[in-house]
Amino acid sequence: MSIYLDYNASAPVDPRVLSVMVDAYQNHFGNADSRTHDFGEDVRSITETARKQVADLLGVKNDEVFFTSGATESNNIAILGLRQFGEAENRKHIITSSIEHKAVLGAAKFLSENGFEVEYVDPGESGRVDLERVISMICPDTLLVSLMHVNNETGIIQPVKELGEYLSKTKTLFHIDATQSCGKLVEEIRDLHYDLMSISAHKMHGPQGIGALIMRKKRYRLPPVKPIMFGGGQEHGVRPGTLPTALIAGFGEACAIAENEAAQSNANCREIKKQLLELLEKSGVRYEINGDQNYCVPTTLNVSFLGVSSEALMLATKRYCGVSNGSACTSSSYSHSHVLSAMHLPAERIESAIRISWGEDVNAEKAMQMLSHLLEAVRSLIR
Ligand code: PMP
């Protein structure tokens with residue numbers, strides 16, 4: 001029986017989320033934008049309840065939440081949507097990090113091919129970018145800084161709190177990709193200063209295919225983001241397209257659950273991590289943990305089993321260990337992790353790195369079983 005510990009790629013849907021979604025599919029099937037009958041109004045009340053649940057989790061206002069198909073789309077709208085403003089203001093300098101998700105890196109690259117200057121900060125071996133380095137790169141032309149909250153491969157928390165405080169006193173806009181922290185670092189996110197934030201439901205036990213772009217208002221005005229798609233004007237034109245009622249209802253429920261249960265969930269996850277680390281320590285195999293654990297979330301462990309190629313290990317354990325070596329979004333064609341490479345780790349460590357990620361619903365005993373299987377495979381591959 002295979003054990004799934006790849007929650008950073010996608011987490012299982014909470015049964016309570018699923019039941020809200022089934023109810024929406026069965027009983028609330030209108031279009032939230034239909035104005036000519038009560039069916040539309042009924043659905044609109046469901047999407048607006050969910051919008052409030054998302055807003056409450058993040059500590060923002062309802063009208064600052066814009067539903068999208070997920071964090072890939074949110075990242076694209078946040079970055080590409082600022083193009084016109086940057087051109088009009090002649091502020092075409094963007095700073096981001098080299099460990100961002102490909103949705104950020106790809107959008108930034110597109111702008112760099114179209115007249116913008118994009119600078120990338122490497123994090124160093126700790127996996128955490130240096131705050132002072134980022135601040136030193138900001139100039140009057142800097143339109144945007146885009147930095148993720150938690151890295152999806154290493155679980156390392158980036159200095160978005162300090163950076164947000166600094167940027168709030170400047171005219172540079174700040175985008176945070178909070179896909180891996182939303183619903184987990186609940187109090188921390190509420191404390192952040194930012195203009196734009198990307199989140200996604202499926203990393204927090206909600207359904208795949210729904211997320212949001214949060215746009216914070218300043219003096220009653222939204223950030224100067226222009227749509228990158230055109231259609232029926234839904235979500236105030238920021239993300240046109242019929243609202244997927246059931247996905248949105250499920251996302252809202254996942255947010256409400258996270259708000260109530262995150263503290264307990266984190267405690268459970270911390271315990272799992274502690275046990276995994278103890279088992280590793282006792283194992284006698286040669287390993288290195290990637291990323292400074294003083295800044296790591298309790299749901300992720302990136303570990304290199306020295307002398308064992310991660311591709312060989314994944315292949316040997318594929319049938320019973322659901323873990324990964326890299327981000328799912330890029331892992332259909334294996335190439336070395338751009339995150340670990342940007343941390344300038346030795347090649348041997350990069351080639352042997354795997355990511356284990358879990359949630360509070362994981363049975364600790366099963367997680368240990370999975371690691372034991374992995375360790376057995378490591379020993380047999382070394383021989
Ligand atoms: N950003 C980060 C940090 C992620 O981990 C992911 C998912 N791997 C995304 C963006 C993309 O999210 P989605 O799957 O919702 O498009």
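This briefing looks at one helix packing and a handful of aromatic rings. Keep in mind that the structure is a predicted model. Two topics are worth a look: how helix α1 sits against helix α9, and the aromatic pairs, of which the structure holds three.

**Helix α1 against helix α9**

- Helix α1 covers residues 15–27 and helix α9 covers residues 245–283; their axes lie 8 Å apart, at an angle of about 155°.
- That angle makes α1 roughly antiparallel to α9, because anything over 145 degrees counts that way.
- As for handedness, the crossing of α1 past α9 is right-handed.
- On the α1 side, the contact is made by R16, V17, V20, M21, A24 and Y25. Their partners in α9 are A246, L247, A249, G250, E253, A254, I257 and E261.
- Sort the residues of this α1–α9 contact by type and you get ten nonpolar, one polar and three charged.

**Aromatic pairs**

- One of the pairs is Y4 with Y7: the ring centres are 5.7 Å apart and the planes meet at 35°, so this pair is tilted.
- Y4 is partly exposed, at 38% relative accessible area, while Y7 is buried, with 6% relative accessibility.
- F29 and F39 make a stacked pair, with 6.2 Å from centre to centre and 25° between the planes.
- The F29–F39 pair links distant parts of the chain, ten residues apart: F29 belongs to the loop between α1 and α2, and F39 to helix α2 (38–58) itself.
- F29 is exposed, with a relative accessible area of 57%.

Definitions and conventions:
Residues numbered from 1 in each chain as written. Predicted model: local features only at pLDDT ≥ 70, side-chain atom pairs only at ≥ 80, totals over all residues. Heavy atoms only, no water. Axes fitted to C-alpha atoms, helices over the stretch in contact; angles between N-to-C directions. Helix = DSSP H or I, 4+ residues; strand = E, 2+ residues; numbered from the N terminus. Parallel < 35°, antiparallel > 145°, perpendicular 65-115°, else oblique. Left-handed = near helix turned anticlockwise from the far one by under 90°. Contact = heavy atoms within 4.5 Å. Nonpolar A, V, L, I, M, F, W, Y, C, P; charged D, E, K, R; others polar. Phe/Tyr/Trp six-rings, centres within 6.5 Å; stacked < 30°, edge-to-face > 60°. Buried < 20%, exposed > 50% of the residue type's maximum accessible area, 1.4 Å probe, protein only.
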